Structures are given as C-alpha cells and as structure tokens.
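Open the model in your viewer and keep the selection tool ready. Each stop below says what to pick and what is there.

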Amino acid sequence: MTHQMNDRMQECIDRCQSCQEACLEAISHCLEKGGTHAEAEHIRTLMACAEICDTSARFMLLGSPRHARTCDVCAEVCEACAGDCDRFEDDMMKRCADVCRRCAESCREMATTASRA
C-alpha cells in the first residue's frame, strides 16, 4: 500500500528538515561556545535528532509504509533534544528547542494518523 502525500505530511517533512537544520546549526554553535554547550552527551543528542529527522523526512518522501514508525521515534528524540536544549539560556538553543517541539508535534500526529489507517 503506497502512502499519498497530503498537506499534513508535507508539513511534517518541512518540520523534520527544519529541525535537522536547527540541530546541525546548534552543534556548530555549541562546539564554538565550548564548556557545557560542548559536552559529549549534548552533542550526541543534537546529532541523533538531526539524523532521525533526516530519516523520517526521507521515509515520508519515499512513501514508505513504515514512516509511522520513524515518525514515532523522531517525536521521542525531538522531545528529548528540546528538553536538553532548554538547559541553556541563549537564543540559538531556545530556537532549537522550539523547532524540535514543533517537529515532535507533527511527527506524533503523523505516527498516530498512520497507525490508525
């Protein structure tokens, strides 16, 4: 069964791609700032989020019937990343947290909608 692209799916793809971009920018920012920003676990969280966002967007673009599973994991990872980014007081990290939360919301909706289909 192939999955047709609709507006909600396109929005989710866009949010995944925006989140991937925000996390990659945040990694560079954090490495430049150093200190707690550059802690290994924080960088790993940002990297994992960027990767799962890319994977989820690609699964949806491919029309994979398994996109609900990647979106479910993506929502979980994005929420964790948002929480981690909230520890920091600078604008870049707040922006990253906000973008992660928007992505998590879309992915959670996509996972729920697809699992009911």
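Select H1 and H3 first. These two helices pack at an angle of about 40°, with their axes 12 Å apart. H1 and H3 are therefore oblique to each other. Axes are lines fitted to C-alpha atoms, for helices over the stretch in contact, and angles run from 0 to 180 degrees between N-to-C directions. Angles under 35 degrees count as roughly parallel, over 145 as roughly antiparallel, 65 to 115 as roughly perpendicular and the rest as oblique. Helices are DSSP runs (H or I, at least four residues), numbered from the N terminus.

This is a predicted model: local features need pLDDT of at least 70, side-chain atom pairs count only at pLDDT 80 or more, and totals for chains, interfaces and linings use all residues. Residues are numbered from 1 along each chain as its sequence is written, and side-chain values use heavy atoms, with hydrogens and water left out.

Stay with the pair. Show side chains. On H1, pick Met9, Cys12, Cys16, Cys19 and Cys23. They meet His67, Cys71, Cys74, Cys78 and Cys81 of H3. Contact means heavy atoms within 4.5 Å. By class, this contact has nine nonpolar, one polar and no charged residues. Here Ala, Val, Leu, Ile, Met, Phe, Trp, Tyr, Cys and Pro count as nonpolar, Asp, Glu, Lys and Arg as charged, and the others, Gly among them, as polar.

The axes of H1 and H2 come within 8 Å and cross at roughly 155°. H1 and H2 are therefore roughly antiparallel to each other. Their crossing is left-handed. The contact of H1 with H2 divides into 20 nonpolar, four polar and one charged residues.

Next, show H2 with H3. Their axes come within 9 Å and cross at roughly 150°. H2 and H3 are therefore roughly antiparallel to each other. The crossing of H2 and H3 is left-handed. Residues of H2 in the contact include His42, Thr45, Ile52 and Phe59. From H3, Thr70, Val73, Val77 and Asp84 are among them. By class, this contact has 15 nonpolar, six polar and one charged residues.

Zoom in on isoleucine 52, in helix H2. Is isoleucine 52 buried or exposed? At 15% relative accessibility, isoleucine 52 counts as buried. Buried means under 20% relative accessible area, exposed over 50%, partly exposed in between (1.4 Å probe, protein chains only). Leaving aside neighbours within four places in sequence, isoleucine 52 is in contact with Thr70, Val73, Cys74 and Val77.

Move to aspartate 84, in helix H3. At 16% relative accessibility, aspartate 84 counts as buried. Leaving aside neighbours within four places in sequence, aspartate 84 is in contact with His42 and Thr45.

Last stop: the largest nonpolar core, with 36 residues. Such a core is a set of buried Ala, Val, Leu, Ile, Met, Phe, Trp, Tyr and Cys residues joined through side-chain atoms within 4.5 Å. Cys16, Cys19, Cys23, Leu46, Cys78 and Cys100 touch the most other members. The elements giving two or more residues to this core are H1 (7-33), H2 (40-62), H3 (67-85) and H4 (91-116). Finish on cysteine 100. Leaving aside neighbours within four places in sequence, cysteine 100 is in contact with Cys19, Cys23, Cys49, Cys78, Cys81 and Ala82.

Technical notes: A crossing is left-handed if the near helix is turned anticlockwise from the far one by less than a right angle, and right-handed if clockwise.
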